[in-house]
Amino acid sequence: MKKTYVAFLMLMAAFAVFAETRVAPQPYYGQIAKRLGDMLPKYRVSQREFSDEISRRAWTNLVSFYDFDHSVFLESDLERLSLRQNSLDDELKAGDVSFGFDIYNLYVQRLKERIFFATNLLAKGEWDFSENEMYRIRRKDAPWPKTRKEAEAHWFKRMKNEVLVHNLAKELDVEEAAAKKAKVKSEEQMEVAATNVVDAASSTNKVETAEEILIKKYRQYVMVMTEPDEEAVLQHYFSAVCRAYDPHTDYMSPAS
């Protein structure tokens, strides 16, 4: 009962970061875009044209930046975003930076949906580890989920795997501690007594469950990834464009 109550409180705190937030470009960003589109072809060593090929590379770079393991967006999202795959060069030349903000806002929406589902699972803490299941950890080359249900099936296994890994690591720590304690028992009685005092003091400290630790982890992750900072969103977009020319070239905002 106590575990459920604590997890519930943590879940409510996590939901506080799920409020609707949309980031929009500043009016002067269009001028920066035009200058970037003019400078890159002229001053890069290759002097390649700001073309559809560069546009496709920039598109791929930005999508990969936000969802590198194909676990947040849906397949339908990618289909919609791909309609502008060949037009980013023309948009930027015209001073239109909306794509960078459209993809970010969509990413934030989908991420909050995934984390809401995941933290709700963690709060319940109901797992059956007797099943024989497969979980794909590396999803860089995996297809994007077709439906929300398919995405949630992945996140269910992801949370289950993380809880299992945490609990197994905890069991190993307990076994190591028991082995050390057994070794101490063979030493002087004074050392044994001192160790027991330390153990007794340590036992009074609250030990967080795997679920509580993971709820905190994903709450912090959402806060970091969804902080509404227009300059950061613009920097990610323009860096994706610069890396389309050269993987070692970046755009840095004034703050950076």
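L168 lies in helix α7, where helices (H or I, at least four residues) and strands (E, at least two) are DSSP runs numbered from the N terminus. At 43% relative accessibility, L168 counts as partly exposed, because that class falls between buried, under 20% relative accessible area, and exposed, over 50% (1.4 Å probe, protein chains only).

Together with F129 and L164, L168 makes a nonpolar surface patch of about 240 Å². Patches are made of residues with over 30% relative accessible area and no salt bridge, with like charges joined within 9 Å and nonpolar side chains (Val, Leu, Ile, Met, Phe, Trp, Tyr) within 5 Å; a salt bridge is a side-chain nitrogen of Lys or Arg within 4 Å of a carboxyl oxygen of Asp or Glu.

## Basis of the model

This is a predicted model, in which local features need pLDDT of at least 70 and side-chain atom pairs count only at pLDDT 80 or more, while totals for chains, interfaces and linings use all residues. Residues are numbered from 1 along each chain as its sequence is written, and side-chain values use heavy atoms, with hydrogens and water left out.

Apart from neighbours within four places in sequence, F238 is in contact (heavy atoms within 4.5 Å) with Y29, I32, A33, L36, L92, V97 and Y251.

## Overall fold

The protein has 10 helices and 0 strands, and 38% of its 256 residues count as buried. Among contacts between residues at least 6 apart in sequence, 81% join residues at least 24 apart. The protein exposes about 15,500 Å², of which carbon and sulfur atoms supply 56%; accessible areas come from the Shrake-Rupley method with a 1.4 Å probe, and for residues only the protein chains shown count as cover.

## Confidence

The mean pLDDT (the predictor's confidence in each residue, from 0 to 100) is 84, and 77% of the residues reach 70 or more. Confidence is highest in α4, at a mean of 97, and lowest in helix α8 (residues 189-203), at 47.

Where pLDDT is low, the predicted coordinates should not be read in detail.
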